[in-house]
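Please read them with the structure open beside you.

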Amino acid sequence: QVQLVESGGGLALAGGSLRLSCAASGSGFSITVMGWYRQAPGKQRELVAVITGGGSTVYADSVKGRFMISRDNAKNTVNLQMNSLKPEDTAVYYCNVWVVVTTTPAEYSYWGQGTQVTVSS
């Protein structure tokens, strides 16, 4: 079983910055992809950014150049530095990880509880 604990988020002014962090804990697995998704009211959950164990990244076009995802493989943490925030970035942000169970070839996805990010103009 994997537990995800998110921190960060909150309220920011447009043009400001926030940092989200997510820590994965548990045993018997290795983490492959880590990422952040978001869901605004009335909209579907969408990808913000993901990062592989090797450090390859994918960003949504809407956040390229403003957000940066990073991870610490030793600590099983993933961070999202959000700069130049816009009101349209307002959403609940969810941490997501894919893990491979040590004793099987199965891969599973886990979600954090979500953290609110609100950007005011």
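1. How many disulfides does a search of the whole structure find? The search finds 1 disulfide, a disulfide being a pair of cysteine sulfur atoms within 2.5 Å. The pair is C22 and C95, whose sulfur atoms lie 2.1 Å apart, and with -80° about the S-S bond the link is left-handed. It links distant parts of the chain, since C22 is in strand β3 and C95 in strand β9, 73 residues apart. C22 is buried at a relative accessible area of 1%, and C95 is buried at 0%, where buried stands for under 20% relative accessible area, exposed for over 50% and partly exposed for what falls in between (1.4 Å probe, protein chains only).

2. On the basis of these values: this is a predicted model, in which local features need pLDDT of at least 70 and side-chain atom pairs count only at pLDDT 80 or more, whereas totals for chains, interfaces and linings use all residues. Residues are numbered from 1 along each chain as its sequence is written, and side-chain values use heavy atoms, with hydrogens and water left out.

3. The open sheet has 4 strands in the order β1-β3-β8-β7, with antiparallel pairing; strands here are DSSP runs (E, at least two residues; helices would be H or I, at least four), numbered from the N terminus, and two strands pair if DSSP finds at least two bridges between them. At the edges stand β1 (2-8) and β7 (67-72), each with a single partner strand, so one side of each is left without a neighbour in the sheet. Neighbouring strands of this sheet are turned by 15° against each other on average, direction ignored, the axes being lines fitted to C-alpha atoms (for helices over the stretch in contact), with angles that run from 0 to 180 degrees between N-to-C directions. Within the sheet, β1 and strand β3 (residues 18-26) pair in the antiparallel sense over 7 bridges, and G8 stands opposite L20 in β3.

4. Strand β9 (residues 91-101) pairs with strand β10 (residues 107-111) in the antiparallel sense over 5 bridges, and a hairpin of 5 residues joins β9 to β10. The bridge partner of W98 in β10 is S109. S109 also takes part in a polar contact of 2.8 Å, side chain to side chain, with N96; such a contact is a pair of N or O atoms within 3.5 Å, where within protein one must be able to donate a hydrogen and the other to accept it, and residues adjacent in sequence count only if both atoms are side-chain atoms. N96 is itself placed in strand β9 and is buried at 2% relative accessibility. Not counting residues up to four places away in sequence, N96 touches V33, M34, G35, Y37, S109, Y110 and W111, contact being taken as heavy atoms within 4.5 Å.

5. Leaving aside neighbours within four places in sequence, V48 is in contact with W36, Y37, R38, V58, Y59, A60, V63, F67, L80 and Y93. V48 and W36 are 12 residues apart in sequence, yet their C-alpha atoms are 5.5 Å apart in space.

6. A search of the whole structure finds 4 salt bridges, each a side-chain nitrogen of Lys or Arg within 4 Å of a carboxyl oxygen of Asp or Glu. One of them joins K64 and D61 at 3.0 Å, N to O, and D61 is exposed at 65% relative accessibility. Another joins E46 and R38 at 2.8 Å, N to O; here E46 is partly exposed at 36%, while R38 is buried at 6%.

7. Which residues does the network of salt bridges join? The side chains of R66 and D89 meet at 2.8 Å, N to O. R66 lies in the loop between β6 (57-59) and β7, and D89 in the loop between β8 (77-82) and β9, so the pair ties together parts that are 23 residues apart in sequence. Both R66 and D89 are buried. Salt bridges that share partners join R38, E46, R66 and D89 into one network.
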